[in-house]
Amino acid sequence: MHQGGPSSPSCSSTCDCFPLRHLNTAACGSETLLKPQKHELTYPSRMGSVLIFYLCYLLCLGLGLACVVCVCVWNSHWRGGFAWDGSGLQFNWHPVLMVTGLVVLYGNGAVVYRIPLTWGQNKLPWKLLHAALMLLALILSIVGLCAVFDNHNKNNIPNLYSLHSWIGITATALFAMQWVVGMAGFLLPCTPMSLRKLLKPIHVWLGGGILLLSIAASISGINEKLFFVLKGNQTYSGFPSEGVFGNTLGVLIVAFGLVVLKILSNSRWQRPDSRPEDLAYSPLLQEEN
């Protein structure tokens, strides 16, 4: 029997009935829609994520500045100021340099890659800035250790006997190792790509661990110092002004660390070319397009 005219396209062939597949309609009896890829965000969601990042980043900068100001005020107003003569005034450089270098500069150096304005730009300047901030933080930390060791040696005080000192020296040693390995692994063009791929997750994980150790060393050092100096008529348990101020400094350091870790742990704020599935990145000294 003769069939009717040419049959119309069957809806069994997907995507031919309704070429505009992005519309929120059921095509060919199917309600499957095109969804964003795993790491793709809609424009409003992306803008909201960027806005939240900058709020966190401004909070990070503000807390870091507050930490530096407070540790300087504490040691200048209550501890008598600064010197480099082996006395207690030389010791005062230790908390200032360690908090400034091992906590504040270190934390800001760690999040510099996450700034959205740097995405899509040449990575070279930001690698240099990251390396420079970390090197400056390491130098300040080493000078801070020299201040306390020199003070202890000239006053016959034992070194490295407290838990605070163990945590602090471990954090600084790991930091030095991290910087050297990072320099060799990510900045030199002769480093094999396979080695960089292996080092990258270790570098990121160890960086967060060093920050946690630095925070632990800072707050334990503040607490230890307050127990040593607040005696007699002004005991720590009596809530003297210096004790309250020192506790406030410790709270600011913890808050700063939490904000930095929040920024580092949010996958939406990773630089797009540094996500785990994208392994094609170049070392510092290799030309990047």
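The model is predicted, with local features needing pLDDT of at least 70, side-chain atom pairs counting only at pLDDT 80 or more, and totals for chains, interfaces and linings using all residues. Residues are numbered from 1 along each chain as its sequence is written, and side-chain values use heavy atoms, leaving out hydrogens and water.

Select helix H5 (residues 163-186) and helix H6 (residues 193-229). Helices here are DSSP runs (H or I, at least four residues), numbered from the N terminus. The two pack at an angle of about 155 degrees, their axes 8 Å apart; axes are lines fitted to C-alpha atoms over the stretch in contact, and angles run from 0 to 180 degrees between N-to-C directions. That makes H5 roughly antiparallel to H6 (angles over 145 degrees). The contact of H5 with H6 divides into 13 nonpolar, 11 polar and three charged residues. Ala, Val, Leu, Ile, Met, Phe, Trp, Tyr, Cys and Pro count as nonpolar, Asp, Glu, Lys and Arg as charged, and the others, Gly among them, as polar.

Next, show Phe91, His94, Val148, His164 and Glu224, the closest to the centre of the second largest pocket among its 32 lining residues. A pocket is an open set of points on a 1 Å grid over the protein atoms alone where a 1.4 Å probe fits, with protein on both sides within 12 Å along at least five of seven lines; lining residues have an atom within 4 Å of a point. H6 gives the largest share of the lining, eight residues. By class, the lining has 18 nonpolar, 12 polar and two charged residues.

Last, select Tyr106 and Phe175, an edge-to-face aromatic pair at 4.9 Å centre to centre, with 90 degrees between the planes (ring centres within 6.5 Å, planes over 60 degrees apart). Tyr106 lies in helix H3 and Phe175 in helix H5, so the pair ties together parts 69 residues apart in sequence.

Definitions and conventions
Angles under 35 degrees count as roughly parallel, over 145 as roughly antiparallel, 65 to 115 as roughly perpendicular and the rest as oblique. Rings of Phe, Tyr and Trp (its six-membered ring) pair if their centres lie within 6.5 Å; planes under 30 degrees apart count as stacked, over 60 as edge-to-face and the rest as tilted.
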